[in-house]
Every structure is written in C-alpha cells, then in structure tokens.
Amino acid sequence: MNRRVPVSNTRALAPTPARDITVDLLVVGAGTGLAAALAADELGLSTLVVEKTQYVGGSTARSGGAFWIPANPVLQESGAADTLERARTYVSSVVDGSAPAERGSAFLDHGAATVEMLRRTTPMRFFWAEEYSDYHPELPGGSARGRTCECLPFDASVLGAERPRLRPGVMEAPVPMPTTGADYKWMNLVARVPAKGVPRILKRVAQGIGGLALKREYMAGGQALAAGLFAGVLDAKIPVWTETSLVELVTDGDAVTGAVVVQNGREVTVTARRGVVLAAGGFDHDMDMRHKFQSENLAEHESFGAEGNTGDGIRIAQQVGADIDLMDQAWWFPAVAGLPGRDPLVMLAERSLPGSFIVDHTGRRFVNESTDYMSFGQRILERERAGDPVESMWIVFDQAYRNSYIFAAGLFPRQPLPQSWYDAGIAHQSSDPVALARSAGLPEDAFAETFRRFNETAAAGVDSEFGRGASAYDRYYGDPTITPNPNLRPLAKGPFYAVKMTLSDLGTCGGVRADDRARVLREDGSTVTGLYAIGNTAANAFGNTYPGAGATIGQGLVYGYIAAHDAAERTV
Ligand SMILES: Cc1cc2nc3c(=O)[nH]c(=O)nc-3n(C[C@H](O)[C@H](O)[C@H](O)COP(=O)(O)OP(=O)(O)OC[C@H]3O[C@@H](n4cnc5c(N)ncnc54)[C@H](O)[C@@H]3O)c2cc1C
C-alpha cells in the first residue's frame with residue numbers, strides 16, 4: 001500500500017455517489033461498524049458501509065482508542081496471563097445480572113478471534129496498556145494489571161487521498177506527537193516523575209515531527225484505531241458512502257431485506273441479501289430522547305460523542321419491531337464545564353490526583369472522586385432520582401496541584417487558568433478557602449468544614465468516607481510520589497482554585513436489545529431476521545456497568561465480528 005499524500009491535504013472530500021445496489025451485507029455507521037465490514041469482507045460477503053456524516057470514524061475516531069477484550073492474543077503474547085475463565089468470572093460479577101449472561105459470554109468467546117481478524121485485515125499493531133486496571137479490580141476475576149490494549153502510533157498518510165475523510169480527534173497535542181493512553185499517564189506526571197515522562201515526550205515528539213519530514217503522519221488513540229480500520233477497509237476495497245444516511249429499513253414479511261438511504265436529498269435502495277448491521281452509534285445528541293429516557297437536566301452539546309449520533313439506528317429499528325433496553329444509561333464522563341456555547345473539556349487523571357477534591361452545591365464531597373467515570377455519573381443521576389440533585393459541582397485544588405499536573409487535558413503544569421474561565425465564572429481563585437467558597441457561590445461554613453476534613457483524611461492517607469485510593473483503578477491515575485495514598489494529599493498552601501464541572505458523556509449505551517449473535521430482538525424475544533445491532537446502537541452487553549478501559553469500543557468490534565459471521569452463516 002503506497003498512497004501517501006502531504007499531511008496538509010485536509011479539504012472535505014465529495015462522497016462516492018449513492019445508487020440502487022444489491023450487496024450481501026449493509027453496515028450503517030463507520031465507527032466500530034468498520035470491524036463488521038472487515039470481518040464480512042474476509043468471509044467473502046460483498047459489503048457496503050453507509051455513513052451519515054462527511055467523516056469516517058464516528059466517536060471511535062474521537063476516542064482514546066483503548067479496547068478491552070480479555071484473553072486476546074496481544075495480552076497473551078505480552079505476558080498478561082489472562083484467561084477466559086477469569087474474565088468470565090469478572091464479567092459475571094461486574095455485570096451482576098444487569099444484562100443477559102450470554103451477551104457477556106459471546107463477547108468473551110469471540111474476542112480473541114476478533115483481534116486476530118483485525119491483525120489480518122488492517123495494518124494496525126496493538127500493545128497491552130499494562131497496569132491500566134480493570135475498573136472494578138477488587139471483584140472476583142478482576143485484574144489490577146488490566147486487560148486494556150491500544151494501537152501503536154499509526155501512520156495515517158497510508159490513507160492517501162482518503163485521508164481528509166478521517167474524522168478529527170478531540171485531544172490534539174500542541175505539536176505533532178502521537179500520544180497513546182499509556183504515554184499520557186506518564187506525560188501528565190512529567191513534573192513529578194521526569195525519568196518516566198521526559199523519555200516518552202521526546203520519543204513521541206521525535207516520531208511526530210520526524211515522521212512529518214518523511215511525509216508520515218503518526219497518530220495515536222482513537223485516531224490511530226479509526227485510521228487503521230479505515231486503511232483496512234480501503235485495502236479491501238469495501239465501498240464507504242459518506243454523507244449517506246439510513247432513513248428506513250426495507251422488509252419482506254418479518255425479515256429485513258435492505259434499506260432506504262439518502263444522500264444529498266436523493267433516496268436510493270440498498271438490497272442486503274444477508275442482512276443490515278446497525279452500527280449508527282447512540283442517541284448522544286438527540287435531546288428529546290435524552291430528556292425522555294435519562295434526565296431533563298442534561299444540556300445540549302455536553303456529550304463528547306460524534307455529532308452524527310442522534311439515535312437514528314435505534315428509532316429505525318423500533319419501526320420494524322425492535323425492543324429497547326437500558327435507555328437510561330450512558331458512558332457518563334465528568335468534565336470541566338465549557339465556556340458558554342462551547343464544548344466541555346476532557347478530564348482524564350484530574351479527579352484522581354492528590355491535592356484536589358470535588359464538592360457539590362452544598363460545599364460537601366459526595367463521591368469517591370477517583371472512581372471510574374461511569375460510576376461517577378451514575379451517582380449523580382441516583383441523587384437526582386432520589387430528589388437530591390447535584391445542582392453544581394466543583395473541583396477544588398491548590399497551587400502545588402496546578403504546578404504538578406496537566407489540567408483539562410490541555411493546560412500544562414504551572415500554566416495559569418485562562419482568564420476567560422474566570423470571566424465566565426467557571427474558575428475562581430483565592431488564598432483563603434472561605435473566600436474561595438464565597439466567590440464560587442458555595443456555602444462558606446460547609447465548604448470550610450469539608451476543606452478541613454478532607455485535609456485530615458488526606459494527611460492520614462485513608463478516605464474512610466468514600467474510599468478514594470482503595471482501588472487499584474483509583475491509583476492508576478494517581479501520583480506515585482505521594483505516599484501512603486497516591487490519590488490523597490492535603491491542600492496545603494494557596495492560592496486555591498475551584499473549577500466548575502459538568503456531567504458529560506462519551507456517548508449513550510442503551511439501545512436496541514440484541515442477542516448473543518448481535519441479532520435484534522423483539523419484545524417477545526423473537527429475532528428480527530436480517531437485522532443486527534452493535535456498538536452504542538445496541539443495549540450495552542455489560543448492562544449498567546463499564547468493566548474496563550475500552551469496554552465500549554471492545555464490544556463494538558467484537559459484536560461487529562459476531563454479526564458478520566452470523567450473517568455469513570444464515571441460510572437465505
Ligand atoms: C473523547 C472520547 C474518548 C473515548 N475513549 C474511549 C476509549 O478509549 N475506549 C473506549 O472503549 N471507548 C471510548 N470512548 C467511547 C467510544 O468512542 C464509543 O462508545 C464508541 O466509539 C462507539 O462506537 P459506535 O460504533 O457505536 O459509534 P461511532 O463510532 O460513533 O460510529 C457511529 C457512526 O454512525 C453514524 N451514523 C449515525 N446515524 C446514521 C445514519 N442514520 N446513517 C448512517 N450513519 C449513521 C455516525 O455518524 C457515526 O459515524 C470515548 C469517546 C469519546 C468521545
């Protein structure tokens with residue numbers, strides 16, 4: 001494959017014109033759906049991908065690109081010593097009946113084969129993000145060493161003339177440097193542990209800038225994963241029609257036999273002999289659905305999900321009888337509140353780092369700040385449903401924290417918070433905790449008491465109230481130079497800061513009810529013949545839980561593989 005083009009070539013590309021066509025498999029959505037297309041193509045099925053937006057990649061391209069697929073060959077080759085049996089124990093204990101057991105089992109049974117398929121059909125190389133703990137490592141079968149894998153920095157120039165079609169990422173570094181999630185952990189700590197941070201920075205800057213000199217464009221995270229999937233799809237010559245939306249499924253009796261798709265206002269019919277895979281993401285940006293199923297308090301543009309994810313796949317599946325499940329769930333993600341009219345800002349390690357705590361509008365802590373982001377969000381919604389909503393939340397930290405770590409995934413240690421944050425009331429600063437509370441509109445006495453108690457707790461290194469730092473997951477993003485608890489340090493010396501947070505998400509994860517073969521189910525448990533749902537269009541295979549970093553992309557990839565195989569084996 002040699003299709004390199006200059007990196008500056010980023011103009012929008014016209015879509016391949018849509019036309020009436022007959023294929024074996026239609027895949028709707030170019031995120032993890034690309035894995036379904038690759039698996040189908042390998043099985044000899046003629047496959048078409050339709051994608052609503054001008055970009056390929058969906059939220060998958062915006063993501064960290066981590067995937068959680070237990071006992072996969074990359075883990076085995078890296079010495080992770082994971083077994084399917086242990087993973088089964090873990091999935092069953094973490095899911096705890098919130099999803100059908102066979103969904104988790106099928107995911108585990110096909111995980112290794114999915115990774116092998118991706119290694120055969122794409123140029124990606126994967127690695128184990130060792131020590132990125134499962135999110136609930138203390139449960140039976142849980143792993144503190146982790147089961148998360150990532151793509152090694154990937155040269156996106158191999159996409160050639162199609163490069164501009166790759167959806168841009170969210171977390172762009174100021175200079176070209178393909179930063180993996182595993183790199184980020186140590187780069188974030190560069191001021192504290194330079195021996196681990198500096199070599200990684202130098203290596204990635206050399207790779208990024210050096211690559212440009214060779215006309216290579218190295219990317220990491222979700223950009224690498226989406227580019228890698230797309231490269232495989234291009235190599236296999238699987239057509240991808242961008243700016244082409246599913247609007248209706250075509251049925252023959254009870255079976256789905258194709259779809260009507262629209263491109264530039266023109267409808268065409270795709271006949272799909274072996275089925276349609278709905279991989280159209282969640283309902284991240286459909287505020288009617290979000291208010292109806294989740295919370296009236298969710299605001300527009302708060303989700304980090306790609307803008308094309310407006311619940312189309314779910315609604316259109318319902319029109320042919322699909323049942324839905326877990327609609328109150330999302331991959332909740334607490335974030336720094338955005339400036340008015342702007343997106344929120346990503347928070348990765350910030351909640352786990354010592355010298356900080358989080359309070360609600362009452363000035364009190366209410367959660368283990370370092371817990372996984374889905375559990376954090378669920379706690380907020382639990383309170384709302386109990387009639388005790390979190391009206392606002394603030395991360396509070398001291399100057400030593402600001403001097404030590406990256407903040408909002410973009411402000412370097414010691415860099416002042418932007419003046420615009422102060423002007424918008426998102427940030428407050430004071431050398432006195434009581435004055436800080438007053439400035440942020442928090443009850444002064446309650447806040448002062450929280451401040452005092454937190455400092456006592458942090459000095460002792462044991463958070464008896466919320467257990468912060470007790471789990472290996474909490475500690476992964478902590479500061480190992482702080483002992484005895486890498487997540488706890490008293491806020492010693494001002495100035496102190498309070499920065500407003502918001503409840504964002506990485507996408508929704510309730511949707512169409514599907515079985516262990518990715519087949520869409522009706523309310524009575526029968527299958528809608530010829531219709532599959534994967535990724536965030538399907539109800540989360542892990543129920544109301546997030547087992548480990550990459551469990552959302554992991555299940556999209558694996559269920560894409562499962563759907564393609566089921567379609568190939570169908571008698572038609
Ligand atoms: C900042 C960020 C970081 C994240 N990090 C991680 C991580 O490291 N690991 C992890 O597992 N998860 C992560 N996630 C979550 C993860 O990215 C998503 O849950 C996952 O990518 C969803 O995959 P999907 O295929 O369901 O949807 P997507 O990747 O969003 O793909 C769906 C596609 O369908 C298209 N579509 C929608 N409607 C139609 C229609 N009518 N017709 C045709 N096409 C349509 C959309 O435009 C979109 O391109 C992250 C998310 C974000 C935003």
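Which residues line the largest cavity? The structure is a predicted model, in which local features need pLDDT of at least 70 and side-chain atom pairs count only at pLDDT 80 or more, whereas totals for chains, interfaces and linings use all residues. Residues are numbered from 1 along each chain as its sequence is written, and side-chain values use heavy atoms, with hydrogens and water left out.

**Figure 1. The shell of residues around the ligand.** The ligand is surrounded by 37 residues, a residue being counted if one of its heavy atoms lies within 4 Å. Thr32, Glu51, Thr60, Asn536 and Thr552 are the closest. By class, the shell comprises 20 polar, 13 nonpolar and 4 charged residues; here Ala, Val, Leu, Ile, Met, Phe, Trp, Tyr, Cys and Pro count as nonpolar, Asp, Glu, Lys and Arg as charged, and the others, Gly among them, as polar. Helix H2 (58-62), strand S9 (244-252) and helix H17 (551-569) each supply at least two residues of this shell, and H2 gives the most, with 4 residues. Helices (H or I, at least four residues) and strands (E, at least two) are DSSP runs, numbered from the N terminus.

**Figure 2. The largest cavity.** A cavity is a set of points, on a 1 Å grid over the protein atoms alone, where a 1.4 Å probe fits but cannot get out; lining residues have an atom within 4 Å of a point. The volume of the largest cavity is about 50 Å³, taken as the space filled by probe spheres set on the points. Its lining consists of Asp284, Met287, Arg290, Leu298, Ala299, Glu302, Ser303, Leu503, Ser504 and Asp505. The largest cavity lies between domain 1 (1-166 + 220-241 + 249-329 + 509-572) and domain 3 (337-505), because both give residues to its lining; the bounds come from an automatic or database domain assignment.

**Figure 3. The second largest cavity.** This cavity has a volume of about 30 Å³. Leu348, Arg351, Ser352, Glu369, Ser370, Thr371, Tyr473 and Tyr477 line it.

Terms used. On a 1 Å grid over the protein atoms alone, a cavity is a set of points where a 1.4 Å probe fits but cannot get out, and a pocket is an open set with protein on both sides within 12 Å along at least five of seven lines; lining residues have an atom within 4 Å of a point.
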